[in-house]
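Please work through the two exercises below with the sequence and the model at hand, trying each task before reading its solution.

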Amino acid sequence: MERLKELYKSVVGCFADSVTPLAGAGSNRRYFLLEGKRRLVGTLGTDFKENDAFVYMTPFFADMGLPVPEVLAVSGDGMAYLQTFAGSKSLFDIIASAKETGEYSSAQKKLLKEAVGHIAEFHSASFAGFDFGKCVPRAAMDHKLELIHNFRSGRNSACRYRGSP
């Protein structure tokens, strides 16, 4: 926690007024909302390679114009970093009520459409210059990337959608 407070000070110029734990998101990383002059998300990780992958990929995707947080600072040991705050609710939280009722508001539909569009942008982005060695876990990614490459190049007809070349 102290690493996050120090990172916040290095970015903002003063310590955060408050540090609040946030819900996890499928990894061993712990997230905190640091509030003061700025609202930032602090991340404490337990796996250096996972942290390194996130820190590496974020500016790569941002340079492509994809919507990702900006990593503002990383601790010397790579086990903590600060990123911009994207909001207090996840898409899952926003559509939770609709998942129960099956009725989506126009705002929820719009957000879902945008999210699917962004997923398509990530999948169709050029990965020229991308270091796939940074991906975690490497063996699983190698297999998935091979399937994606074969699909895109048309080498595996079993992977092609109907009507695709």
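Predicted model: local features only at pLDDT ≥ 70, side-chain atom pairs only at ≥ 80, totals over all residues.

Residues are numbered from 1 along each chain as its sequence is written, and side-chain values use heavy atoms, with hydrogens and water left out.

**Exercise 1.** Classify the pairs that F130 forms with F60 and with F61.

Step 1. Rings of Phe, Tyr and Trp (its six-membered ring) pair if their centres lie within 6.5 Å, and planes under 30 degrees apart count as stacked, over 60 as edge-to-face and the rest as tilted.

Step 2. Among the six aromatic pairs found in the whole structure, F60 and F130 are edge-to-face, at 4.8 Å centre to centre with 70° between the planes.

Step 3. F61 and F130 are stacked, at 6.3 Å centre to centre with 25° between the planes. F61 lies in helix α2 and F130 in the loop between α4 and α5, so this pair ties together parts 69 residues apart in sequence; helices (H or I, at least four residues) and strands (E, at least two) are DSSP runs, numbered from the N terminus.

Step 4. Y56, F60, F61, F130 and F132 form one aromatic cluster.

**Exercise 2.** Describe how β4 and β5 pair.

Step 1. Two strands pair if DSSP finds at least two bridges between them.

Step 2. Strand β4 (residues 71-74) and strand β5 (residues 80-84) are antiparallel over three bridges, and V71 stands opposite Q83 in β5.

Step 3. The hairpin has five residues between its strands, and G78 takes a positive phi near 75° there.
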